Amino acid sequence: MPTVLVTGFGPFSDHADNPSALAVDALAREWSAPDGVTVVTETLPVSFARATERVAALVAEHRPAVVLGVGLAAGRDRISLERVALNLCDARIPDVDGAQPVDVPVLPGEPLARPATLPVKAALAAVRAAGLPAELSLSAGSYVCNAVMYAALAAVPEGVPAGFVHVPAADVVPVADVVTALGLVLDTVLADPVDVVVPGGRED
């Protein structure tokens with residue numbers, strides 16, 4: 001029976017309620033998963049050390065067929081499907097444990113970057129077709145979201161789709177719309193993990 005692993009994040013800094021956790025919790029209740037698919041969700045702490053260790057442990061424990069991380073990008077105005085995770089921690093603010101790594105790798109000795117293995121362009125098309133604001137993003141940043149994306153991609157076996165979605169603040173894109181978008185991303189990858197070949201680059 002295939003398992004889908006979806007993670008969100010808890011509170012941090014001045015964000016008392018993290019919409020990524022709210023959306024992941026709601027997804028577990030509301031998404032109509034295909035027959036035979038088990039959904040495992042977890043809220044991770046905004047901690048470089050604990051979140052990266054935990055996502056790797058979840059992958060080892062559940063051996064998911066799909067891994068989808070979700071996190072808050074409060075400065076964005078649309079749902080962002082991340083294309084690349086960098087092996088870089090460079091924290092503008094401390095994490096919830098007080099750690100503030102600067103210019104250090106997520107995983108020493110690993111490649112500089114890992115691309116998402118989700119069909120991000122096909123998923124983007126599905127989300128946009130539903131009338132929701134969405135984009136492809138070439139940077140997951142250098143904070144804990146990026147670290148978890150990188151750690152998840154490093155942990156999954158070859159061929160397992162994994163990736164990350166950044167969501168705006170709830171007053172910009174409602175949590176209910178985020179839940180719909182996440183369900184569409186999962187529906188897309190479960191229907192066909194091979195991405196479409198269409199232009200998706202940017203000039204800026």
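1. Which strands does helix H3 (residues 120–129) lie across, and at about what angle does H3 run to E9? In this predicted model, H3 lies across E4 and E9, and its direction makes about 165° with E9.

2. The sheet in question is open and has six strands in the order E2-E1-E3-E10-E4-E9, with mixed pairing. E2 and E9 are the edge strands; each has a single partner strand, so one side of each has no neighbour in the sheet. On average, neighbouring strands are turned by 20° against each other, direction ignored.

3. Two of the pairings can be described further. E1 and E3 run parallel and are joined by four bridges, with Val4 opposite Val66 in E3. Helix H5 also packs on the sheet, where H5 touches E1, E3, E4 and E10; the direction of H5 makes about 155° with that of E3. The other pairing, between E4 and E9, is likewise in the parallel sense, over four bridges.

4. In strand E9 (residues 134–137), Ala134 and Leu136 point one way, while Glu135 and Ser137 point the other. All of these residues are buried, although E9 is an edge strand of the sheet.

5. Ser80 belongs to strand E4 (residues 79–82) and stands opposite Glu135 in E9. Because its relative accessibility is 0%, Ser80 counts as buried. The side chains of Ser80 and Glu135 make a polar contact at 2.7 Å. Beyond its neighbours within four places in sequence, Ser80 is in contact with Glu135, Ser137, Phe164, Val165 and His166.

6. Leu81 is, with Phe9 and Leu68, one of the residues that touch the most other members of the largest nonpolar core, which has 65 residues. Helix H4 (residues 144–155) gives the most to this core, with nine residues. Leaving aside neighbours within four places in sequence, the contacts of Leu81 are Val120, Ala123, Leu124, Glu135, Leu136, Ser137, Phe164, Val165 and Val185.

7. Helix H1 (residues 19–30) has 12 residues and reaches 16 Å from its first C-alpha to its last, close to the 16 Å expected. Its buried residues are Pro19, Ser20, Ala21, Ala23, Val24, Ala26 and Leu27. These pack against strands E1 (3–9), E2 (38–44), E3 (66–72) and E10 (162–167), and against helix H5 (175–191).

Technical notes
Residues numbered from 1 in each chain as written. Predicted model: local features only at pLDDT ≥ 70, side-chain atom pairs only at ≥ 80, totals over all residues. Heavy atoms only, no water. Helix = DSSP H or I, 4+ residues; strand = E, 2+ residues; numbered from the N terminus. Expected span 1.5 Å × (residues − 1). Buried < 20%, exposed > 50% of the residue type's maximum accessible area, 1.4 Å probe, protein only. Contact = heavy atoms within 4.5 Å. Polar contact = N/O pair within 3.5 Å; in protein donor to acceptor, adjacent residues only side chain to side chain. Pairing = 2+ DSSP bridges. Core = buried A, V, L, I, M, F, W, Y, C linked by side-chain atoms within 4.5 Å. Axes fitted to C-alpha atoms, helices over the stretch in contact; angles between N-to-C directions.
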